[in-house]
Amino acid sequence: MPEKPTTPEWSTRRLSVSPISEIGVTVHELDSGRPGPHLLVLGGVHGDEVGGIVAAGRVASTAWPLRRGRLSVVPITHEAAYEADSRTSPHDGGNLARSFPGALGGTATDELAWLVGHRLIAAADALIDLHTSNAATDMPLFVGCLDDGSPAAAEAVRLARGFGLDLVWTHPSLGPGRTLSVAQERGIPALYVESPVGGVLDPGYVEAYVDGVRSVLEGLGLVDPPPGRPPRPEPRLWLHGNGDTDTFSSTGSAGLFERCVSLLDPVRRGQPVGRVLDPLGTVLEAVVAPASGYVTTLQRSARVERGQPVVAVTARRPPEPGLPHEPFTSRTRSMR
Ligand SMILES: [Zn+2]
């Protein structure tokens, strides 16, 4: 018989590269005292992505009734970048989300990556990394993960499908240096989350993140779903692709970018998605969709350099037997 859930107290500890090093993280921990999976939630791997930071903080201040296992949360993973309100380190320019597995004796960002990878991710059974888009570029609200046929990826896909968001984006492979790459090497299922309006706190998105973490806690059997709640619906749109350069369109000239599509609009290869203007409004160039699919990344700030990626398009995953595959348009998307 399963044991009754308990409501343990959160504890907090400082994890540092060395006893005298300032490089480290503050970890919030909730332990049921019973064997079971260990879920790690990271916010602030990019220091200016406040939505993920506040969502992780909310997770770390919730009295979860744990049935088994434990939960670790780091709301601000890259503290130096957070202090500077920056995506990267103000000390060495390092992007923590491209620095894994990191190294002791390297730059401050390398040492932090080593610590997070070896001492936190390696000790977890599942990982959720909470990101947002940045102020210059929008991405839709989605949960993403690796889908390469490995057992860990299959588990990540299962958790992503239960996350409760309309959009799941799976990747046949991962670029190097990510938290998810460390998890992949160690066979740990890992999810990440993105949403638009980087740098802005939107309670709807924060709530969606916290609710997604709750669904993973349920999916791993750490907490029980509320009695009587219906099962979470399947995602309405499942995209599959890597976000390679052949799915990006870049500008051929510097100027002011005007977009004529929205996030998640379906587009065909060659279809106009925006244009680059000069200050008098003269059209310097038309920007077209690089592939057929759905708009997954869209330049938000008008000012662009020559060669700047401004739009990315990702294809829909081929349908699986038994899965709903209804037409999807962003106009029918139900946002929270
Ligand atoms: Zn990020």
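Is A254 buried, exposed or partly exposed? A254 is partly exposed, with a relative accessible area of 42%; here buried means under 20% relative accessible area, exposed means over 50%, and partly exposed is in between, using a 1.4 Å probe and protein chains only. The structure is a predicted model, in which local features need pLDDT of at least 70 and side-chain atom pairs count only at pLDDT 80 or more, while totals for chains, interfaces and linings use all residues. Residues are numbered from 1 along each chain as its sequence is written, and side-chain values use heavy atoms, with hydrogens and water left out. Helices (H or I, at least four residues) and strands (E, at least two) are DSSP runs, numbered from the N terminus.

**Around A254**

- You will find A254 in the loop between β11 (248–250) and β12 (255–259).
- Apart from neighbours within four places in sequence, A254 touches V276, L284, V304, E305 and R306, where contact means heavy atoms within 4.5 Å.
- From A254 to M139 there are 115 residues in sequence and 22 Å in space, C-alpha to C-alpha.

**The zinc site**

- H46 (ND1), E49 (OE), E49 (OE) and H131 (ND1) coordinate the zinc ion at 2.1 to 2.3 Å.
- Donors are N, O and S atoms within 2.8 Å of the metal (3.2 Å for Na, K and Ca), and sites may look incomplete because water is not among the atoms.
- Along the chain, the donors of the zinc ion follow the spacing H-x2-E-x81-H.
- E49 sits in the loop between β3 (38–43) and α1 (50–59) and H131 in the loop between β5 (126–130) and β6 (137–138), so this pair ties together parts that are 82 residues apart in sequence.
- The site of the zinc ion is irregular, with angles of 57 to 148° among its 4 donor atoms.
- Four donors count as tetrahedral if all angles lie between 85 and 135 degrees; four count as square planar and six as octahedral if opposite donors are over 155 degrees apart and all others between 65 and 115; anything else is irregular.
- For reference, ideal angles at a metal are 109.5 degrees for four tetrahedral donors, and 90 or 180 degrees for six octahedral ones.
- E49 is buried at 2% relative accessibility, and H131 is buried too, with a relative accessible area of 7%.
- Leaving aside neighbours within four places in sequence, the contacts of H131 include V45, A97, V193, E194, S195 and Y209, along with H46 and E49.

**Aromatic rings**

- Searching the whole structure turns up 2 aromatic pairs.
- Rings of Phe, Tyr and Trp (its six-membered ring) pair if their centres lie within 6.5 Å; planes under 30 degrees apart count as stacked, over 60 as edge-to-face and the rest as tilted.
- F142 and W169 have ring centres 5.1 Å apart and planes at 50°, so the pair is tilted.
- F142 belongs to strand β7 and W169 to strand β8, so that pair ties together parts that are 27 residues apart in sequence.
- F142 counts as buried at 0% relative accessibility, and W169 is buried with a relative accessible area of 4%.
- F142 also pairs with Y192, edge-to-face, at 5.6 Å centre to centre and 85° between the planes.
- Y192 lies in strand β9 and F142 in strand β7, so the pair ties together parts that are 50 residues apart in sequence.
- Y192 counts as buried at 15% relative accessibility.
- Through these ring pairs, F142, W169 and Y192 are linked into a cluster.

**The buried side of α4**

- A152, A153, A156, V157, L159 and A160 are buried in helix α4 (residues 151–161).
- These residues cover an arc of only 165° around the axis, which puts them on the same side of α4; the arc is that of the directions from the helix axis to the C-beta atoms.
- Among the elements that cover the buried residues of α4 are β7 (142–146), β8 (167–171), β9 (190–194), α6 (203–219) and β10 (237–240).

**Backbone points to check**

- Most residues other than glycine have a negative phi, and most peptide bonds are trans.
- The peptide bond from F100 to P101 is cis, with omega near 10°, and P101 is in the loop between α2 (79–83) and α3 (108–120).
- D85 is not a glycine, yet has a positive phi of about 50°; D85 is exposed, with a relative accessible area of 55%.
- L264, also not a glycine, has a positive phi of about 70°, and L264 is buried with a relative accessible area of 1%.
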